[in-house]
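Let me put the sequence and the structure up on the screen, and then I'll talk you through them.

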Amino acid sequence: DFQELKTQFLDYHGKVLHQFSVKRGKAPSPPPPSQGSCKSYGCGRFNPSHTCQCNSYCKQHGDCCSDFDSVCGGRGGLEQAFV
């Protein structure tokens, strides 16, 4: 488990031309959990900018919002998609 990486650039005779060190830091934080919901998005229409979907195909694609069944009745509001 390396904590520091030291790199040196040498010439043909072994003389150091340039060197730098990189120290290991903390890993980046994971992204926050998805905040999307069918309650806020509405049911029926696909929107690629949403973090989850609330349409009739979301179960097939595995991207339904957690409240899809309770808010959209598990159907995705197909009747709303063509309004």
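Let's begin at Lys59, which is exposed, with a relative accessible area of 52%. On the scale I'm using, exposed means over 50% relative accessible area, buried means under 20%, and partly exposed is in between, with a 1.4 Å probe and protein chains only. Lys59 has a partner, Asp69, and the two form a salt bridge whose closest N and O atoms are 2.9 Å apart. Lys59 sits in helix H2 and Asp69 in helix H3, so this pair ties together parts that are 10 residues apart in sequence. Asp69 comes out as partly exposed, at 44% relative accessibility. The structure holds one salt bridge; the term stands for a side-chain nitrogen of Lys or Arg within 4 Å of a carboxyl oxygen of Asp or Glu. As a reminder, side chains of opposite charge can pair when their charged atoms come close.

Before going further, a word on where this comes from. You're looking at a predicted model, in which local features need pLDDT of at least 70 and side-chain atom pairs count only at pLDDT 80 or more, while totals for chains, interfaces and linings use all residues. Numbering starts from 1 along each chain as its sequence is written, and side-chain values use heavy atoms, with hydrogens and water left out.

How confident is the predictor, then, and where does pLDDT stay under 50? The protein chain averages a pLDDT of 83, and 82% of the residues score at least 70; pLDDT is the predictor's confidence in each residue, from 0 to 100. Over residues 79-83 pLDDT stays under 50, and the model has five contacts there beyond four places in sequence. Contact here means heavy atoms within 4.5 Å.

Now the overall layout. The protein chain has four helices and two strands, and along the sequence they follow the pattern β-β-α-α-α-α. Helices (H or I, at least four residues) and strands (E, at least two) are DSSP runs, numbered from the N terminus. Of the 83 residues in the protein chain, 20% are buried. The accessible surface comes to about 6900 Å², with 56% of that belonging to carbon and sulfur atoms; these areas come from the Shrake-Rupley method with a 1.4 Å probe, and for residues, only the protein chains shown count as cover.

On to the cysteines. How many disulfides does a search of the whole structure find? The search finds four, taking a disulfide as a pair of cysteine sulfur atoms within 2.5 Å. If we number the bonded cysteines in sequence order, the pairing reads 1-4, 2-8, 3-7, 5-6.

I'll take three of these links in turn. Cys43 is joined to Cys72, with an S to S distance of 1.9 Å. That pair links distant parts of the chain, 29 residues apart: Cys43 is in the loop between helix H1 (38-41) and helix H2 (58-61), and Cys72 is in helix H3 (residues 68-72). The link is left-handed, with -90° about the S-S bond. Cys43 is buried at 13% relative accessibility, and Cys72 is buried at 6%.

Next, Cys52 is joined to Cys65, again with S to S 1.9 Å. Here Cys52 is in the loop between H1 and H2, Cys65 is in the loop between H2 and H3, and the two are 13 residues apart. This link is right-handed, with 90° about the S-S bond. Both ends are buried, Cys52 at 7% and Cys65 at 4%.

Then there is Cys58 with Cys64, S to S 1.9 Å, right-handed with 90° about the S-S bond. Is each end buried or partly exposed? Cys58 is buried, with a relative accessible area of 0%, whereas Cys64 is partly exposed at 25%. Not counting residues up to four places away in sequence, Cys58 touches Gln53, Asp63, Cys64 and Phe68.

Several of these cysteines turn up again in the largest nonpolar core, which has eight residues: Cys38, Cys43, Cys52, Cys54, Cys58, Cys65, Phe68 and Cys72. Such a core is a set of buried Ala, Val, Leu, Ile, Met, Phe, Trp, Tyr and Cys residues joined through side-chain atoms within 4.5 Å.

Ser37 is buried at 18% relative accessible area, and beyond its neighbours within four places in sequence, Ser37 contacts Cys52, Cys54, Cys65 and Asp67.
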